[in-house]
Amino acid sequence: MNSRTVYYSNICTDDGYYSTKRRYVHKDGSCNIVFQHVPEKWSLYVTDLFTTLVEIRWRVMFLTFALSYILSWLFFGILFWIIAVIHGDTKDTNNEPCIYEVRSFTAAFLFSLETQTTIGYGSRGMSENCMVAIITVTIQDVISVFIDTFVIGIVVAKMASARKRAQTVGFSNTAVINCHNGHLCLSWRVGDFRRNHMVEGTTHAQLVRHSVHKSGRANITFQDLEIQNRHVILATPVTIIHRINPSSPLYKMSLQELRKNSFDLVVTFTYTDDCSGILHQSRTSYTPSEILWGQQFQEMLRVTQRSYRVDYAVFHQTVKIPLPENSAEHYELNKRAPSCKQEPQMGCSLAGESEDILGQNNNSTVIQEEKL
């Protein structure tokens with residue numbers, strides 16, 4: 001990825017609105033950020049070598065480990081060959097050698113390989129005539145143990161990476177705005193696709209706005225959103241709800257103002273896996289074009305006589321509901337206005353109608369019982 005790479009969100013909504021917005025966080029949770037001119041960048045990678053090897057690709061890691069073994073065999077093979085040359089083993093075959101059957105560089109390399117991998121074919125071995133060769137073999141054995149330990153630790157850490165587990169926790173493709181208990185609410189859905197679920201989870205949401213001044217300086221602001229059901233156990237998919245109250249940055253936004261806005265709704269779910277006990281975090285983002293006004297998620301949980309059944313086929317699906325296109329502030333004023341009872345206006349009647357229809361809608365998935 002170079003510094004000119006730019007990622008956009010191109011979505012056409014049901015009301016015909018089409019937007020092109022630069023994302024701060026991609027849908028897969030990765031950040032659309034490129035670091036430039038980092039001081040001593042390569043030294044930082046080398047200083048934290050373990051984390052660097054865990055984060056690199058598998059093919060690069062395998063190549064690195066293969067080279068570490070091959071180079072160590074080659075290095076100690078050269079040392080054994082030099083010892084054999086100095087001791088005269090390559091010239092005088094009748095001389096008592098330092099290392100048996102090592103009279104060429106190829107034989108020295110094979111002895112190094114057999115020593116470090118503990119193959120031991122039986123023809124090559126150490127003698128008691130050369131203390132230097134004995135010390136060299138001892139050092140090679142110690143280094144070999146360190147290399148093996150390092151390789152095993154990196155592979156295990158990479159296989160148990162939190163990023164892989166985070167991919168099995170999914171968010172809905174879109175967020176929705178509807179009426180919940182008489183208030184306009186923003187909600188999205190999160191679910192775990194594996195059978196072994198997490199012990200505990202915490203949700204968090206931030207509204208990220210980015211603006212560019214005429215001078216070219218970029219400014220990014222973060223606003224926290226209050227979550228109604230912040231702590232959840234994700235045994236079944238859960239709809240996360242943010243009530244659009246006066247403290248919410250969405251309180252004064254109508255549908256038209258929402259479409260004109262430019263921000264990223266970054267949502268995260270931090271949890272502990274009950275199988276490994278490792279802390280994970282999954283995240284995604286929603287742009288204004290991915291926030292659907294006047295829609296709600298379809299029900300996906302049913303109860304049978306033996307179990308609860310979750311239908312992930314409708315995990316991302318929504319249905320339209322009647323909802324005024326006014327802001328939450330205007331919606332609350334219409335509810336409290338006395339004139340709505342005597343001479344209801346169009347917006348007030350629509351608000352009352354939607355409230356009657358959706359007043360019973362809550363965060364918990366409505367369970368439909370059936371007999372099997």
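**Exercise 1.** What percentages of helix and strand does the chain have over residues 131–157, and how many Å apart are the end C-alpha atoms?

*Solution.* The model examined here is predicted. Over residues 131–157, the chain is 100% helix and 0% strand. The end C-alpha atoms of this span are 40 Å apart. In an unreviewed UniProt entry, residues 131–157 are listed under "transmembrane region", as are residues 60–86. For residues 60–86, the composition is 100% helix and 0% strand, and the end C-alpha atoms lie 39 Å apart.

**Exercise 2.** Determine which residues make the nonpolar surface patch and which helix contributes its largest share.

*Solution.* The patch, of about 890 Å², is made by Leu63, Leu67, Leu71, Leu74, Ile78, Trp81, Ile82, Val85, Ile86 and Phe105. Helix α3, residues 58–87, supplies the largest share, with nine residues. Phe105, also a member of the patch, is placed in helix α4, which comprises residues 105–116.

**Exercise 3.** Classify Phe105 and Thr174 as buried, partly exposed or exposed.

*Solution.* Buried means under 20% relative accessible area, and exposed means over 50%, with partly exposed in between. Phe105 has a relative accessibility of 33%, and therefore counts as partly exposed. Thr174 has a relative accessible area of 17%, so Thr174 is buried.

**Exercise 4.** Locate Thr174 in the chain and identify the residues it touches, not counting those up to four places away in sequence.

*Solution.* Thr174 lies in the loop between β5 (169–171) and β6 (175–180). With residues up to four places away in sequence left out, Thr174 touches Tyr286, Glu290, Leu292, Phe297 and Thr318.

Key: Residues are numbered from 1 along each chain as its sequence is written. This is a predicted model: local features need pLDDT of at least 70, side-chain atom pairs count only at pLDDT 80 or more; totals for chains, interfaces and linings use all residues. Side-chain values use heavy atoms; hydrogens and water are left out. Patches are made of residues with over 30% relative accessible area and no salt bridge: like charges are joined within 9 Å, nonpolar side chains (Val, Leu, Ile, Met, Phe, Trp, Tyr) within 5 Å. Accessible areas come from the Shrake-Rupley method with a 1.4 Å probe; for residues, only the protein chains shown count as cover. A salt bridge is a side-chain nitrogen of Lys or Arg within 4 Å of a carboxyl oxygen of Asp or Glu. Helices (H or I, at least four residues) and strands (E, at least two) are DSSP runs, numbered from the N terminus. Buried means under 20% relative accessible area, exposed over 50%, partly exposed in between (1.4 Å probe, protein chains only). UniProt positions are given in the numbering used here, feature names are shortened, and annotations may be inferred rather than shown by experiment. Contact means heavy atoms within 4.5 Å.
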